[in-house]
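Here is a protein model to read alongside its sequence. Keep the 3D view open as you go.

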Amino acid sequence: MADREGLYILLISVHGLIRGHDLELGRDADTGGQVKYVLELARALAAHPRVARVDLLTRQVLDPKVDEDYARPLEQVAPRAYIVRLPCGPRRYLRKEVLWPYLDSFADRALAHVRAVGRVPDLVHAHYADAGYVGIRVSSLLEVPFVFTGHSLGQVKRRRLMEQGLRPEVIEAQYKISQRIEAENQVLDHADLVIASTHQEVGQQYSLYDNYQPRRMVVIPPGIDLHRFHPPRRGWQRPPIADQIARFLRDMNRPMVLALSRPDPRKNIAALVHAFGGNPRLREMANLVIFAGTRDDITTMEKGPRRVLSELMLLIDRYDLHGITAYPKHHEPEDVPDIYRLAARSRGVFVNPALTEPFGLTLLEATASGLPIVATSDGGPRDIIEYCKNGVLIDPLDTERLGEVLVQVLGDRRQWNRWSKAGLAGVRRHFSWEGHVNTYLREVSKVLRRSRRRKGTSAPLKSRLPTADRILVCDIDNTLIGDREALERLLALLADYHGHIGFGVATGRRIESARKVLREWGVTMPDFFITAVGSEIHYGPKLVEDSGWLRHIDFRWEPAAVHTALQDVPGLRLQPKEEQRAFKISYFVDPERAPALREIKRRLRKKDLHVNVIYSHQAFLDILPVRASKGAALRYFADKWGIPVEHILVAGDSGNDEDMLGGETLGVVVGNHSSELEHLRGGERIYFAEGAYAWGILEGIEHYDFLGSFRLDAED
Ligand code: GLC
Ligand code: MG
């Protein structure tokens with residue numbers, strides 16, 4: 001699959017529009033910084049010599065309203081890096097808040113993708129709560145470490161919306177915020193590593209969660225693209241955006257005090273105008289240059305930006321900053337690096353006076369362009385100035401002081417040179433994607449080592465299911481167990497074919513009791529368990545429950561009504577409490593006294609109860625939801641993992657095995673079977689073995705040439 005040795009990393013970022021070129025950043029609320037981040041991360045990781053392949057899984061969108069690029073199932077974005085688009089719910093483009101119901105199917109598709117690649121990833125790294133939900137499932141099922149990056153958090157968002165005066169019901173309806181927070185809580189329980197961008201994010205945001213575990217968190221600031229953002233080089237031509245700035249200014253040669261942000265009240269641009277306008281020295285020595293988004297007609301804009309821009313215009317006029325302040329109406333994303341370079345060439349300064357600044361990407365871009373910075377003393381800027389030593393932290397409410405600081409920064413030539421240089425070095429070391437990936441892989445290696453140690457050497461390191469090309473599924477009682485010598489032979493055979501044969505059990509027992517009896521018989525950990533007569537599925541050593549299966553079978557299931565309907569049927573007696581499961585009601589049957597099975601089914605149907613009735617060993621009666629049975633569970637399992645049903649050999653001995661023996665699977669009925677299976681004799685792909693217990697299984701393996709090339713057409 002890959003052209004070199006090394007790590008295979010699965011990145012998941014479900015929402016928004018992701019493609020390898022011309023990102024439509026800002027097109028909508030879901031296509032922004034995160035989209036850019038994951039794409040750059042995928043490329044940067046794939047460029048590292050320790051990485052063999054990176055797949056960025058996202059949602060496939062087929063919608064005339066968006067470009068066809070977003071429908072392509074596979075897009076290569078760099079050597080060894082791919083965007084993989086998986087179907088998830090409706091085909092059209094949907095906002096992230098409404099994707100929740102479709103995330104289970106996204107997880108299933110992810111598994112099928114892994115199977116198609118033919119290699120289990122070493123790591124699953126999810127971005128944002130929705131992908132976190134998927135990542136928990138995929139990483140648990142594959143038994144590989146799980147890394148999470150929040151990008152933003154529901155608790156923080158909820159607080160902010162409440163502060164803005166939104167009512168809880170509205171927040172709920174519009175943002176599905178509790179679902180998001182619940183997913184985040186689960187993520188924090190599961191994650192082996194949480195990557196944050198700033199220390200503040202760890203200390204003030206993740207700490208709002210009950211299961212906050214600072215030990216499992218690391219701060220790795222995102223990288224910035226140093227090919228885009230760099231100081232003006234020799235031969236640099238005056239860029240077109242310079243004309244847009246020059247229109248406003250009397251003297252283009254003065255140093256620029258530059259601000260660049262969305263016209264958002266929290267960005268607090270007005271403070272800078274106060275600082276500039278209120279400081280006569282500054283007005284004499286510098287120009288103020290403000291890029292606050294783009295606009296056509298302020299009066300028709302939304303309330304927030306309208307207010308910000310109107311205030312800006314009024315302040316410029318009030319301080320009479322005409323001729324020394326530029327505030328161009330338009331600029332394109334391509335202009336942004338040039339704007340910083342113009343400011344750097346003028347020996348100016350970049351200012352970010354936001355009220356709060358958890359990260360501050362613009363500060364990094366400015367730094368990478370050789371500009372000193374002056375910024376709010378808050379999480380992001382504090383980290384940046386600590387690493388880059390290229391400026392001053394300020395109190396965004398003290399505008400007088402801000403003015404003085406700016407005079408001082410622009411007035412000291414030697415300091416300006418020192419800061420500009422230190423910033424360039426710091427950004428390269430700490431905020432480049434190369435630096436990011438180095439730290440990332442160092443942290444990930446620790447996680448991989450830890451998980452290997454935890455699992456010990458005997459257990460499989462990762463799930464075998466995505467790579468196994470055939471699967472053996474055995475009923476436990478009277479099939480797998482019963483004869484020690486035969487069982488030992490079978491286990492030795494499985495060990496020889498380790499990695500090629502996946503192994504599962506399908507039993508009427510509940511999971512705890514299945515594990516116990518297997519341990520007593522020395523059976524190595526199966527890859528999966530179908531238990532409680534097919535009403536539950538669990539995977540691997542951690543016994544991860546398949547919640548998708550539970551949701552699937554929870555259909556027309558009315559356990560109370562079943563109890564009532566059967567309560568005074570003669571010859572039926574409820575089994576002990578621990579045998580009653582959420583989706584299984586079980587009775588003992590006295591065949592002498594009980595009515596015929598047909599009669600029991602009729603009784604249930606008359607009460608309009610649609611259930612599955614399963615009779616085994618002339619002694620047990622199980623009532624399950626219509627969609628549940630060992631066979632149905634096995635087919636669901638096969639579909640989920642993309643395993644052809646005809647590559648599954650199934651062995652059983654009694655009534656509850658019947659529906660998994662039928663159909664395309666390679667069925668084996670052991671010699672010691674109960675009479676209710678007799679009628680299967682002569683059926684296609686049902687082999688009646690002579691040998692009892694595991695001898696019968698071994699015989700079936702031989703019969704179908706299961707370890708060789710399969711003899712599918714073998715007739716009994
Ligand atoms: C196992 C279960 C029991 C079930 C029987 C038949 O013995 O413990 O509850 O009725 O299998 O499926
Ligand atoms: Mg049995």
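This report moves from the whole chain to its metal site, its charges and a few loops.

## Ground rules

This is a predicted model, in which local features need pLDDT of at least 70, side-chain atom pairs count only at pLDDT 80 or more, and totals for chains, interfaces and linings use all residues. Residues are numbered from 1 along each chain as its sequence is written, chains are lettered from A and ligands numbered from 1 in the order in which they are written, and side-chain values use heavy atoms, with hydrogens and water left out.

## The whole chain

The chain has 25 helices and 26 strands. Both are DSSP runs numbered from the N terminus: helices are H or I with at least four residues, strands are E with at least two. The C-alpha trace spans about 105 × 55 × 45 Å along its principal axes. Of the 716 residues of the chain, 57% count as buried. Buried means under 20% relative accessible area, exposed means over 50%, and partly exposed lies in between (1.4 Å probe, protein chains only).

## The metal site

Which residues coordinate the magnesium ion (ligand 2)? They are Asp475 (OD), Asp477 (O) and Asp653 (OD), at 2.1 to 2.4 Å. Donors are N, O and S atoms within 2.8 Å of the metal (3.2 Å for Na, K and Ca); water is not among the atoms, so sites may look incomplete. Along the chain, the donors of this magnesium ion follow the spacing D-x1-D-x175-D. Aspartate 475 is buried, at 4% relative accessible area. Aspartate 477 is partly exposed, at 25%.

## Salt bridges

Side chains of opposite charge can pair when their charged atoms come close. A salt bridge is counted when a side-chain nitrogen of Lys or Arg lies within 4 Å of a carboxyl oxygen of Asp or Glu. The whole structure holds 39 salt bridges. Here are three of them.

| Glutamate 169 | Arginine 167 | 2.8 Å |

Aspartate 527 sits in the loop between α19 (511–520) and β17 (528–531), and arginine 464 in the loop between α17 and β15 (470–474), so the pair ties together parts that are 63 residues apart in sequence. Aspartate 527 and arginine 464 are both buried.

Next, look at helix α22 (residues 597–606). Glutamate 599 and arginine 602 are three residues apart there, so about one helical turn separates them. Glutamate 599 is partly exposed at 34% relative accessibility, and arginine 602 is partly exposed at 38%. In the remaining pair of the table, glutamate 169 is partly exposed, at 48%.

Arg19, Glu24, Arg27, Asp28, Asp67 and Asp69 form a network of salt bridges.

## A positive patch

Which residues form a positive surface patch? Arg50, Arg215, Arg449, Arg450, Arg452 and Arg453 do. Patches are made of residues with over 30% relative accessible area and no salt bridge; like charges are joined within 9 Å, and nonpolar side chains (Val, Leu, Ile, Met, Phe, Trp, Tyr) within 5 Å. Lys and Arg count as positive and Asp and Glu as negative, while His and the chain ends are not counted. Each charge is placed at NZ of Lys, CZ of Arg, CG of Asp or CD of Glu. The accessible areas come from the Shrake-Rupley method with a 1.4 Å probe; for residues, only the protein chains shown count as cover. Arginine 453 belongs to helix α17 (residues 433–455). With 61% relative accessibility, arginine 453 is exposed.

## Loops to visit

Most residues other than glycine have a negative phi, and most peptide bonds are trans. Aspartate 320 has a positive phi of about 50 degrees, although it is not a glycine. Aspartate 320 lies in the loop between α11 and β11 (325–326) and is partly exposed, at 47% relative accessible area. Leucine 543, also not a glycine, has a positive phi near 50 degrees. Leucine 543 is in the loop between β18 (536–539) and β19 (544–545).

Is glutamate 690 buried or exposed? Glutamate 690 is exposed, at 74% relative accessibility. Its place is the loop between β26 (686–688) and α25 (693–703). The C-alpha atoms of glutamate 690 and arginine 72 are separated by 53 Å.
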